[in-house]
Amino acid sequence: MNRCILGVVILALTAAFSAPAVAGKGDRKLSVPRSAPLLKGKTLDLRFAEFAQGIWVRDLSNCPAPRIDRNAPGSAIAIYRGLLETPGRICQVYGAEKDKLRTQRAAINCLLNDGGEAIELVTVQPRGTNGLMVQEGERPPVHFRFCEAIQPVLQSAQNTQN
């Protein structure tokens, strides 16, 4: 009798494992957070704070920066509205703390020059009148100095027409 039951169980398991798996729509749907955990419960914006906007360099002798993408890694950073560019990548904000005067955290989605993508958290904080501390993820903060303002495209087009 035990052999009969064992045979039925083996047959049932064989049938169960050999049958095709069927999943309904949404069965494997992943839950993706809309913002970084550190930003939960905050009022969010899609741009960086005014104090962070501009072109920033580590060494003022590199100012004006010819083009951000042609600078050495870690030597320059450009922040304008919802964009952040460093040598090697360009990033777009998908969530940032709003109305912070001293420190702002922003979740950014980056397109790397090699074609890859990265999602990071960046923290920016003013230092004195012309300084900016930038911390990317868990890396140590880096001190940048203000180099120049970024002129909006429409304004620069008007200036060339005059």
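Let's start with two neighbours: strand β6 (residues 104-112) and strand β7 (residues 117-127) run antiparallel and are joined by eight bridges. Strands here are DSSP runs of E at least two residues long, helices are runs of H or I of at least four, and both are numbered from the N terminus. Two strands pair if DSSP finds at least two bridges between them. The model is a predicted one, where local features need pLDDT of at least 70 and side-chain atom pairs count only at pLDDT 80 or more, while totals for chains, interfaces and linings use all residues. Residues are numbered from 1 along each chain as its sequence is written, and side-chain values use heavy atoms, with hydrogens and water left out.

**The strands**

Which residue in β7 is the bridge partner of Q104? That is V124. Likewise, A106 has V122 in β7 as its bridge partner. Between the two strands of this hairpin sit four residues, and G115 takes a positive phi near 95° there.

Follow the chain onward and β7 pairs with strand β8 (residues 131-136), again in the antiparallel sense, this time over six bridges. Here Q125 stands opposite M133 in β8. The hairpin of β7 and β8 has three residues between the strands, and in this hairpin G128 takes a positive phi near 70°.

I90 stands opposite L111 in β6.

Now zoom out. The protein chain has two helices and nine strands, and reading along the sequence gives the pattern α-β-β-β-β-β-β-β-β-β-α. Of its 162 residues, 30% count as buried. Buried means under 20% relative accessible area, exposed means over 50%, and partly exposed is in between, using a 1.4 Å probe and protein chains only.

**The disulfides**

A disulfide is a covalent bond between the sulfur atoms of two cysteines. In practice, a pair of cysteine sulfur atoms within 2.5 Å counts as one. How many does a search of the whole structure find? It finds two disulfides, and here they are side by side:

| Disulfide | Sulfur to sulfur | Torsion about the S-S bond |
|---|---|---|
| C63 and C147 | 2.0 Å | about 100° |
| C91 and C110 | 2.1 Å | about 100° |

Take C63 and C147: their S-S torsion is about 100°, so this disulfide is right-handed. C63 lies in the loop between β2 and β3 (76-80), while C147 lies in strand β9, so the pair ties together parts that are 84 residues apart in sequence. C63 is partly exposed, at a relative accessible area of 25%, whereas C147 is buried, at 13%.

The disulfide of C91 and C110 is right-handed because its torsion is about 100°. This pair links distant parts of the chain, with C91 in strand β5 (residues 89-97) and C110 in strand β6, 19 residues apart. Both ends are buried: C91 has 2% relative accessibility and C110 has 1%.

Count the bonded cysteines along the chain and the disulfides follow the pattern 1-4, 2-3.

**The aromatic pair**

A pair of aromatic rings is described by the distance of the centres and the angle of the planes. Rings of Phe, Tyr and Trp (its six-membered ring) pair if their centres lie within 6.5 Å; planes under 30 degrees apart are stacked, over 60 edge-to-face, and the rest tilted. By this rule there is one aromatic pair. W56 and F146 form it, edge-to-face, at 5.2 Å centre to centre with 80° between the planes. The pair links distant parts of the chain, since W56 belongs to strand β2 (residues 54-57) and F146 to strand β9 (residues 142-148), 90 residues apart.

A pocket is an open set of points on a 1 Å grid over the protein atoms alone, where a 1.4 Å probe fits, with protein on both sides within 12 Å along at least five of seven lines; lining residues have an atom within 4 Å of a point. The largest pocket has a volume of about 220 Å³. Of its 13 lining residues, G74, E136, R139, V142 and F144 are the closest to its centre. β8 gives the most to the lining, with three residues. By class, the lining has seven nonpolar, three polar and three charged residues.

Key. Points joined across faces, edges and corners; volume = space filled by probe spheres on them. Nonpolar A, V, L, I, M, F, W, Y, C, P; charged D, E, K, R; others polar.
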